[in-house]
Amino acid sequence: MNLADLTESEFRQRITGDGLALQTGPLHLRLRSDVLLVQQGVRLLYADYPVLAPERFCDHGVEIVRAGGLRRWLRPQVLFLHDGAPTFEPMPADHGMPLLEWALNWAISGQAHQYLILHAAVIERGGRAVVMPAPPGSGKSTLCAGLIHRGWRLLSDELALIDLGNGRLAGPARPVSLKNASIDLIAAFAPEAVFGRRTPATVKGTVAHLRAPSEHVRRAAEPALPGWIVFPKYVAGAAAQLGSRPKADAIMQLSRNAFNAGITGREGFAALARLVSESECLDFSYSSLDEAAAVFERLAAAA
Amino acid sequence: MTPPLLALWTATEPPPLAERDWERLLGQARRARLEVRLANHVIEQGWLAAVPERAQVQLHNARKHGLRLQDELLWEADRIAAALAEFEGPVVVLKGGAYRLIGQAHAEGRLYSDIDLLVPRAGLRAAERALFRAGWIAATLTPYDERYYRDWMHELPPLQHVVRMSSLDLHHTLTPPTSRLPVDAALLLAELEPVPQLPRLSVLSPRDRILHSLVHLLQDGDFSAALRDLLDVRDLLLAQQGEAGFGLRLVARAEQLGLVRPLFHGLVQAEQLFGPLLDAAARTRLAAVAPPRWQAALLRTLLDSAVRPTHPDFDTAFTPWARQALYVRSHWLRMPWHQILPHLARKAWMRARAEPPAPETPAVGAAPPGQT
Amino acid sequence: MAAAAWALRPLIDLSWAEWGEDSVAFEARSGQMLRFDALTAAVIGCLELAPASVEQICDDLQSDLSGVVRSELHGAVSAILEHVADLGWIHPAPEA
C-alpha cells in the first residue's frame, strides 16, 4: 500500500500521532508533523512510496513541529526535532517542507554508516550509476532533475549511498530540491514533472521540490553498479563537453564531499577507491540541458 | 517498571522489546549520549541475535562511530604528547580521554574526542605556549568570557586546534580555585599512572579517577549526560573490585581531598540504579562522614529526577525544575555568591541569543536552508 | 647520522590506492587522506616493510630508477623523510 492509498484521516492520524512510516528505497523513515504545509507537502511528494505499519522499525525519524512560546502569534515558526529534541534554531513556518527534506538528509548522513555517504547526485541507466559530486551552485541538482526525465533513473539528488559490503550504489529516490531559475527551467524541460509548493525567501532564494517519477520510486530498492563519476559545472554559454579527470584527482575531490569518511575508516576508503577504480572519471561543463542530455545519451550508449 | 534504558545495564537477558520499541530505545540512547555504550553492551553481552535486523544495523553503526572516535582520541593524545615533548612536569589526561588511553572497556561509550589535560599550575604558561606553537589556540571569546575563565575561574579558555578543529581544555586543578570544593592538585599529582603507549602523558590513580568523575558530575551543571557519567563510575568501581580494601581507601582519599559529599551523593545514585558498589566496611565509613540528613535527602530527590535521561518519554513535570536547581547548585559550588547571580544572568542572556550547540557529527553543508 | 634508521610509528595505520604515477594513502587513526607522488609513496612503502636508513632506502629504490644520480636521490629521499616525519608518520627507529 502506498501513501496515496491512505484516506485523508488515516494519513493525518499517522503523521500527527506516532509518525508516518515510509519506505524510501533501502531506508525506512518516520515523519511527524503538526504543520499543515508540511503535511500537504508530504502527501503530494511522497504519494508513491509504500507506507509501513506503525509498529515497524524505522531507521531515521524527524519531526517538524510548530514552535511554541509567545513568538508563535507574532511570527509563526517551525522546529526540527530529532529524538524529541530541537537541534537547530527555529525557522519561519512556511519553510517547513525544505526543513523536512534537509532534516532527513541530516539524519541519514549522520547515522547510516553501513554506507559510505557522499554529497552527490546519483542517477542510473542500464544498471550503472553516474555519481555527480558538486559543491552548491554547480548545477548538479538541475542537471540531475533534467536527466531523470531523459531516460535516467533517480537514485538521489543529494546523498550517494555506497554499500560498504558490495560497493553498489543505493538510493532513497526522494524528492529533488530545486531553486530559483531552475524550477521554471525544469518545468519547461519536463512538462510532466510534478512540483510541490514554492517556498520563497529562503537564504537560497525560492525553493521547490520535484516529485520523483513513480517508476523510479517503484524501483528505488534496486541498487546500481559503478559506472561514471562526473564532476559537473554549469558555465553560461558553454557547449556541453566531457573531459577526462585523473583518478587520484577524483578520489581527493570525492573525499572532500564525503560525510562519513572518517567514521567508516578503512572500509570507507576501500569503498571509495573501488568506486573510483571502477568508474570512468570525467569533468563536464555545459549550459544547455538538451545538449547535456544528448552527451549523457552517448555516454550510456558507449557503455 | 524500570525503563529499558535504565534497566539493561544490570539485566541478565536482552530487553524483550518489539521493533518499534527498539527504535524508541535507540532514540533515547542517542539523546542521553549513550548510543555507543548501548551498542557495545548489546554486542558484548551476546544479545545481538535477539535484536531486530534493522536495529542491529544501527547498533553496528554506533559502535563503528565509537571506534572511530577512539582512534581520533589516540591521535590527538599523540599530537599533544609531541607538542609537549619539551615540557617539564606531568601532563595528566582526564575524564573520557583517560579511560580510553588506559584501555578500559567502558571508554568506548564516549562520543567525542575533546581532551581535558591537567598540568601543575606553575607550568600552565609554558604548556599553553608549547600548545600554541603546535597549533592550539584559544577559541574566540568575548572579553566577558575571557575574564570568566582567566580571572574568576582561574582557568584557560578552551583551546582549539587550527587544522583539526579538535578541542583541548587545559586545567591546573580539578575544581576552580573559586570553588567551595577546592582540591589540592599536588595530592593528585603525587599518585599518577603513565599512559602505556604515550609515556609523556599520565592519568589519575583509580581512586582519583572515580572521585573526579563524581565531582565532574555534580559540579559542572550539565546533567544531560548524568546517566552516562554514573555508568562510568560504576565501571570504574567494578574494575577495582578485585583489590581488597579498595572501597575503604576510596573513602579515605575522599576525606583527604575534601570530596566526601560528591562521593556520597554520587554513590547513592549509582547504587540505586545499579545495586551495591561498595563493600560493607567502606559503606560504614562513608555513613560516618556523610552530610546532614536533610541535605542528603534534598539532594537525593533532586538528583533522582535529574539523572533520568532527557527525552520526552522520561520527562515528568518535576524534571526541569530539578535540573535547574542542580545547575544553580553547581554554580554555587564553583563560585562565590556575588559572582554567581550576574554570571547566571549573563549565561541565560547569551543562551537566548546564541545558536544551539552544533550536532555531534559535522556534515558537509552543516546548516539547514535559511541558516549560514 | 646518515646511518640512523627511520621507522613507521606503531600508531600509524595505512591503506593505499594507486593509479599509474599517483598514490593516495589513507591513515586510519587520524582519518587523513593524502596524495603522494610515486617516489614519496615508494619511500613510505619501504618503511612499511621494515625500518631503514636513507642509504638503505636509496639502495632499494636505485634499481627501479634508471639514470638517477645517487646524490640527487639521496637528497630527495632525505627531504621526503623529513616531510613524512612532520606528518607524525615516522620517527627515528627505536634502539633494537
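Q: What does contact mean when two chains meet, and how many residues of chain C does chain A touch?
A: Contact means heavy atoms within 4.5 Å. This is a predicted model, where local features need pLDDT of at least 70, side-chain atom pairs count only at pLDDT 80 or more, and totals for chains, interfaces and linings use all residues. Residues are numbered from 1 along each chain as its sequence is written, chains are lettered from A and ligands numbered from 1 in the order in which they are written, and side-chain values use heavy atoms, with hydrogens and water left out. On the chain A side 14 residues take part, and in chain C the number is 13.

Q: How much area do chain A and chain C bury between them?
A: Buried area is the accessible area (1.4 Å probe) that two parts lose on being put together, summed over both. Here 74% of it lies on carbon and sulfur atoms. The total is about 1,200 Å².

Q: Which residues of chain A lose the most area to chain C?
A: Three residues together make up 51% of what the chain A side buries. They are Met252(A), Arg266(A) and Phe269(A).

Q: Which side chain of chain C meets Arg266(A) in a salt bridge?
A: A salt bridge is a side-chain nitrogen of Lys or Arg within 4 Å of a carboxyl oxygen of Asp or Glu. Between chain A and chain C the count is 2. In one with Arg266(A), the N to O distance is 2.4 Å, and the partner is Asp13(C).
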